[in-house]
Amino acid sequence: MRRLFDEELADLDNSFTEMGMLVSQTIQKSVQSFVDHDREGAKAILENDHQINEREAAIEKKTFEMIALYQPVTTDLREIVTILKAVSVLERMGDQARNIANSTIRVKGTKHIASVEQSLGAMGEQVATMVSTVMEYYIKNDALGAEAIADENQSLSKRAAQVRFDSVEGMKEDAELVDSAADYLVIAGYLKRIGDYTTDIAEWIVYKRTGKIIELNPGYNYFI
Amino acid sequence: MTDIKQDNILETRDVKLWYGQKEALHGINLNFPKKGITALIGPSGSGKSTYLRALNRMHDLEDNVTVTGTFDFNGTDIYAPTTDTVDLRKQIGMVFQQPNPFPFSIYENVAFGLKLAGIKDKAVLDEAVEKSLKQSSVWEEVKDDLHKSALGLSGGQQQRVSLARVLATSPDLLLLDEPTSALDPVSSHNIEETLLNLRDDYAMIIVTHSMSQASRISDRTAFFLSGDLIEVDATKHIFLNPQRQETQDYVSGRFG
Amino acid sequence: MANNIDLKPVSEFITENAPERFILDMNSDKHEIAISTKDLQVYYGDNLALSEGDLSFERYKITSLVGASGSGKSTFLRSLNRMNDSVATVNGNIMYRGVDINTKAIDVYEMRRHIGMVFQRPNPFAKSIYNNITFALTQRGHYKKQELDEIVETSLKQAALWDQVKDELNKSALALSGGQAQRLVIARALALKPDILLLDEPSSALDPISSAQVEDTLLELKNQYTIIIVTHNMQQAARISDYTAFFHMGKVIEYDLTRKIFTRPKVALTNDYISGNFG
């Protein structure tokens, strides 16, 4: 019934979920470009990165305005705070996608480990899905689903550990793989970081729903 | 603030007002666009209500008040000797702090201004009463009781009937002097929603002590202090990033 | 250090079926109770205006009563010092210092020295500032001039008005600004050395500056007084009170710590009201 406020809150919500979907797509594209050794694709990611930053700034600005003008409390406040906190997490995910694109552009190695690249591709798929899934939990206000993202992140961590193991083994066997394998380590690290960020967003979804602050990432770090 | 003339319904320049020898407004320059809500905020004694009441010559009724300055309302001079104040107040309607229905029926309350203007055609009056009560969002609550006394309504309903009475004469500008300060939050909310529904069609100026009300519903906010206009800007600028320290202190509740 | 991070599984604090009411249980071992009500019912004629008003108020805290007009909050407040006696039938117990004060045996005037009331409109008497404060005292007792002087000074200081009026104590109280007049009325109530101060929308007739002065005064006073305040101003309740009780249609719907009510109320009705969602 609070026409103006409710409309603005709905708009804010839409902008936030749209940005989430954009970030999820960007992550997927950046990993795909890496796996395909597609420098052009990676350049396109860098060129579009400002869109993510721009959206973050617009959403932040809007939340500041809504807090100043409407002094929201209870569920309204929690929703706005959740968006304000989670939007910076999305932006940091975008930065990781940019880092992956940068690695793709300056990649030096000419010899690759196909199985590891396949694993990285799978990790990319997984983490991009985690991002879009966590956004769906946001939309559905599904705190239990959000909590379950932590399990997904654990499986991602295991994959990252496997990439590390395979990369190190590759380097031991063949010195010509060192350039590529070093990149694999770094990319796996970026993807692992994005996975951790999805649990950060999940924590805010739980807060939005319940008003409780929880910790979904209690330090089972297999890697980096 | 630079207003383009064509977009304004009211332009006031160098408005000064004296109660006897005491200057209460020190030269206010303030313009109002054709649509939207402007909130006047400031502490008691800041001159915001005094200024508001000058806009439809309410001070004419008081002794010892002198008003100077330019008041250009749609090209006419509000204070010209030829201006008919009854006519003027039809175009610039006012809603007061205390709901003030007349002690007769809801219908008669709303039709009052039109009857005063000589309209007798029942069909015309019926239509105007219904339209005004709908505009002020009270029609659904009173449509079956139109001939009951307006005094039997709740405070919030009375205030919306008062608003309908003002709307019935098709004003171009609505002045609202703390219209919700005597009401509870639910009734206040109803009035606020009503004003928001009207803001695409009317120019409204509201004096309010509630900072949160100003920030919720107004497009522009003007901050008065000690008879001066300190700052006027888009409401979101006033509440997020005001230019003057005095404004900053007031809107953030630092009155020390 | 409190646990800011919750370690329980999320399922434990998701309540699919939000409760319809939640009344904080004031465990009197932990909280010193200043006044409490039991089975309170207020009838205006045959009309039941308030029921199920079981509340306990912690000593030296500020408790806000919020709710729409007609929700019963003012009726409740006024029952606490028997202001409703002449207009309503009040059933139930009001326990103050182990005594039920809602009985015929109670000397209402004496009781009101302990439980004072401040109203919405500042209502100073048409007397000097000094006499406003001493009036009730001199009506009912004998005081030396020096004693009265001391009481006047102490009360005005407590109400944060002394510095502004100390040189004009003999001027009419009617010349004071709204905020000053309201603080004078508070000083007048304090002169009787009450234990509990009830305030019925004490700042709704005041501008924001005067209102802030009254709020500052109340925050000062809570070291020595238990304060219960009815307010329509949600931000005021959030700013100054320790506890908030939400009234709706003659019932207390939710009573909890203010910081909980304003961030995560348990009852959906409270959530809607507190966030201004009256649709």
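How many residues of chain A are in contact with chain C, and how many of chain C with chain A?

Reply: One caveat to start: this is a predicted model, where local features need pLDDT of at least 70 and side-chain atom pairs count only at pLDDT 80 or more, while totals for chains, interfaces and linings use all residues. Residues are numbered from 1 along each chain as its sequence is written, with chains lettered from A and ligands numbered from 1 in the order written.

On to your contact: 20 residues of chain A touch 19 of chain C, contact meaning C-beta atoms, placed from the backbone, within 7 Å. On the chain A side, α3 (74-105), α5 (143-173) and α6 (178-210) each give at least two residues; helices are DSSP runs of H or I, at least four residues, and strands runs of E, at least two, numbered from the N terminus. The largest share, four residues, belongs to α3(A). By type, that side has nine nonpolar, five polar and six charged residues; nonpolar means Ala, Val, Leu, Ile, Met, Phe, Trp, Tyr, Cys and Pro, charged means Asp, Glu, Lys and Arg, and the others, Gly among them, are polar.

Elsewhere in chain A, S33(A) sits in helix α1 (residues 3-35). S33(A) counts as buried because 24 other C-beta atoms lie within 10 Å; the cut-off is 20 or more, with 12 or fewer being exposed and anything in between partly exposed. Beyond four places in sequence, its contacts include D38(A), I45(A) and T104(A). The C-alpha atoms of S33(A) and T104(A) are 7.0 Å apart, across 71 residues of chain.

Definitions and conventions
Two residues are in contact if their C-beta atoms, placed from the backbone, lie within 7 Å.
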